[in-house]
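Trainee: Hi, could you walk me through this structure? I'm new to it.
Mentor: Happy to, let's take a look together.

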Protein chains: 2
Amino acid sequence: MEATRHMEATYKLVRNGRDVPVWRQIETDIEVDIQMGVFGPGDRLPSEHELAAKFGVNRHTVRQALAGLAEKGLVHAQRGRGVFVADEPVDYTLDRNAKWSEVEKRFDGGGGEAVLHDCRELPATRQVARALRIAPGTPLIATETLRRAGPGIGTYGYHLFPKVRFDGIDREFVRHASFTKAIAACGVAEFFRRSTWISCRMPRPREAEALAIPATIPVIVMTYVDTDAEDAPILYGHGVFPRHLIRIRIDT
Amino acid sequence: MEATRHMEATYKLVRNGRDVPVWRQIETDIEVDIQMGVFGPGDRLPSEHELAAKFGVNRHTVRQALAGLAEKGLVHAQRGRGVFVADEPVDYTLDRNAKWSEVEKRFDGGGGEAVLHDCRELPATRQVARALRIAPGTPLIATETLRRAGPGIGTYGYHLFPKVRFDGIDREFVRHASFTKAIAACGVAEFFRRSTWISCRMPRPREAEALAIPATIPVIVMTYVDTDAEDAPILYGHGVFPRHLIRIRIDT
């Protein structure tokens with residue numbers, strides 16, 4: 001191949017005039033390698049010595065990068081054996097049936113755990129009213145919940161429901177400890193994902209605490225509208241997903 | 001509504017024993033309000049005085065939070081008028097036809113700009129080989145490109161192509177300054193998105209520099225497989241999307 005080389009190397013570290021320390025750059029470079037499949041689940045990373053040589057830094061800097069990856073749950077050290085790439089994140093498959101209970105089904109025991117952290121009433125803003133096809137100012141019930149599936153696999157989410165149809169859903173949620181059952185108790189036997197917008201941000205401290213993740217690493221966020229079997233919007237949601245445990249998968 | 005109140009208030013700031021300063025927490029809280037539609041595009045945020053009272057902090061802390069939001073491109077201050085929520089991000093619609101050229105079409109002038117930053121050859125890892133349905137070790141061509149659509153709207157991406165079919169794609173890329181045309185020049189007239197995994201991370205400094213975004217705020221990343229009209233995989237991709245400008249939309 002006659003490669004057109006516009007840049008010298010994959011590992012061009014920026015050493016000054018930047019906000020990002022060199023160890024953080026190395027951490028991100030290794031993270032990209034994991035996401036790109038250079039290192040797969042269970043693979044042993046090159047040794048500290050090899051990484052130090054590759055990046056042209058000392059071993060202390062490499063150790064900081066590896067500690068950062070371990071804090072994010074992307075690698076784990078085995079004493080005397082080396083540093084290994086963690087298992088792949090769980091896929092949250094985004095289709096018409098996308099819901100947290102589908103993630104729960106993949107773990108032994110099924111049900112998972114669901115905890116209501118907050119519930120209050122507020123009027124629909126213009127944006128939410130448009131999504132739910134109601135008038136701005138319509139009363140909504142806003143819930144804030146933590147839901148867990150397998151070990152450490154959780155999502156923290158906010159849901160807005162039209163009050164006229166879902167009054168008392170907070171009590172149903174507490175009674176059943178299940179989001180899907182609480183919705184069913186309000187007369188909606190089935191619901192479906194209609195539209196989803198995916199972005200990312202830093203977690204709120206209470207989100208990080210509930211999910212037992214560091215408050216200093218970004219999370220995936222999904223904002224979405226679910227509808228009933230007649231395609232009427234039933235809720236507007238916003239959920240936080242720890243990216244080292246969950247990634248969103250879409251087959252098209 | 002008989003609300004079940006497990007937590008006192010929406011704005012429960014954590015003041016000590018944490019890694020996240022209070023102004024960052026307020027910044028994230030306002031960001032969540034924007035994502036949840038409490039504040040819509042073009043809305044004026046409450047005044048510094050009102051925000052200070054709401055969060056129970058001084059105005060200096062509020063100003064830091066607002067400066068952080070402005071740096072991320074989520075709000076902009078108008079001298080003497082207040083602080084306004086920026087326009088909504090551009091939707092990148094994820095379906096079978098998902099490709100950057102679809103985003104470009106939404107801007108005047110169409111074509112956008114495409115720059116090859118790097119190109120090299122490497123063997124397929126197990127993970128990439130499985131995705132591309134080739135043997136591990138098969139030679140790949142790896143490109144690194146910046147592509148722009150409208151003002152400031154860009155993506156920075158990495159693509160792995162089987163060499164046997166795409167040898168010379170780097171030259172075609174430079175010739176046409178278009179990703180789609182380079183693929184066409186290699187004999188693939190049409191291609192389609194097959195599978196996508198969405199996550200997030202901090203940007204590499206060279207990604208942040210190319211996209212003209214701060215290196216300190218997280219980006220959305222998509223890893224994906226595209227196929228030709230016969231459903232044969234043609235590339236394995238990994239792209240970085242600045243979240244204040246672009247969000248991923250999926251209709252199901």
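**Domains and chains**

Mentor: Chain A is assigned domain 1 (22–85) and domain 2 (90–249), with bounds from an automatic or database domain assignment. This is a predicted model, where local features need pLDDT of at least 70, side-chain atom pairs count only at pLDDT 80 or more, and totals for chains, interfaces and linings use all residues. Residues are numbered from 1 along each chain as its sequence is written, chains are lettered from A and ligands numbered from 1 in the order in which they are written, and side-chain values use heavy atoms, leaving out hydrogens and water.

Trainee: How many residues of each domain are in the contact?
Mentor: Domain 1 of chain A gives 5 residues and domain 2 of chain A gives 5 residues, with contact meaning heavy atoms within 4.5 Å.

Trainee: Which side chains meet in a salt bridge there?
Mentor: Those of A:Glu31 and A:Arg243, at 2.7 Å, N to O. A salt bridge is a side-chain nitrogen of Lys or Arg within 4 Å of a carboxyl oxygen of Asp or Glu.

Trainee: Switching topic, how many residues of chain A are in contact with chain B?
Mentor: 83 residues of chain A touch 83 residues of chain B.

Trainee: And how many salt bridges cross that interface?
Mentor: The rule finds 4 salt bridges between chain A and chain B. One of them joins B:Asp29 and A:Arg204 (2.4 Å, N to O).
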